[in-house]
Amino acid sequence: ANADYELSIKMPRGGEFSGSISFVAPNKHFIWFTLEIEAENPPSERTVELETKPRSAIAADITIVNPLDSDVTFDVLMNGEGLFGPSQITLAPKETATYELIYSP
């Protein structure tokens with residue numbers, strides 16, 4: 001017999017991913033599929049524009065909110081030269097914090 005199945009995947013980040021999924025019946029018969037996923041990053045929350053003179057640093061304060069009822073540790077991924085700041089920030093439940101990003105060209 002044939003049946004249609006809907007598979008929903010929630011990606012933690014954009015990129016290209018591959019893997020497999022198997023379906024096993026009680027009689028041990030199985031079928032498996034390979035997956036190739038191309039996920040796009042969501043649009044940015046906002047743009048932070050920084051401008052400074054060469055060999056001078058400027059800081060940007062970025063507000064981060066944890067709406068959950070448990071602690072959350074965010075990994076910070078920076079793209080671009082001259083960007084500095086902690087590689088992680090942990091927020092308690094319902095906490096709002098400020099992440100300080102330094103730009104030093």
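By class, eight nonpolar residues, one polar and one charged form the lining of the second largest pocket (Ala, Val, Leu, Ile, Met, Phe, Trp, Tyr, Cys and Pro count as nonpolar, Asp, Glu, Lys and Arg as charged, and the others, Gly among them, as polar). The model is predicted, so local features need pLDDT of at least 70 and side-chain atom pairs count only at pLDDT 80 or more, while totals for chains, interfaces and linings use all residues. Residues are numbered from 1 along each chain as its sequence is written, and side-chain values use heavy atoms, with hydrogens and water left out.

**The second largest pocket**

Select Ala 3, Tyr 5, Glu 6, Leu 7, Ile 21, Phe 23, Ile 31, Phe 33, Thr 34 and Leu 35, which line this pocket. A pocket here is an open set of points on a 1 Å grid over the protein atoms alone, where a 1.4 Å probe fits, with protein on both sides within 12 Å along at least five of seven lines; lining residues have an atom within 4 Å of a point. The volume is about 270 Å³, taken as the space filled by probe spheres set on the points, which are joined across faces, edges and corners. S1 and S2 each supply at least two lining residues, and S2 gives the most, with four.

**The hairpin**

Next, select strand S1 (residues 15–24) and strand S2 (residues 30–39), which pair in the antiparallel sense over ten bridges. Strands are DSSP runs of E, at least two residues long, numbered from the N terminus, and two strands pair if DSSP finds at least two bridges between them. Ile 21 stands opposite Phe 33 in S2. Between the strands lie five residues, and Lys 28 has a positive phi near 75°.

**The largest nonpolar core**

Move to Ile 64, Ile 89, Leu 91, Ala 97, Tyr 99 and Leu 101, the six residues of this core. Such a core joins buried Ala, Val, Leu, Ile, Met, Phe, Trp, Tyr and Cys residues through side-chain atoms within 4.5 Å; buried means under 20% relative accessible area with a 1.4 Å probe, protein chains only. Strands S6 (88–91) and S7 (96–103) each supply at least two core residues, and S7 gives the most, with three.

Centre on Ala 97: beyond its neighbours within four places in sequence, its contacts (heavy atoms within 4.5 Å) are Ile 62, Thr 63, Ile 64, Ile 89 and Leu 91.

**The largest pocket**

Finish at the largest pocket, with about 1,300 Å³ of space. Of its 25 lining residues, Ser 44, Glu 45, Arg 46, Val 76 and Leu 77 are the closest to its centre. Strand S3 (58–65), strand S4 (72–75) and S7 each give two or more residues to the lining, which divides into 16 nonpolar, five polar and four charged residues.

Methods: Buried means under 20% relative accessible area, exposed over 50%, partly exposed in between (1.4 Å probe, protein chains only).
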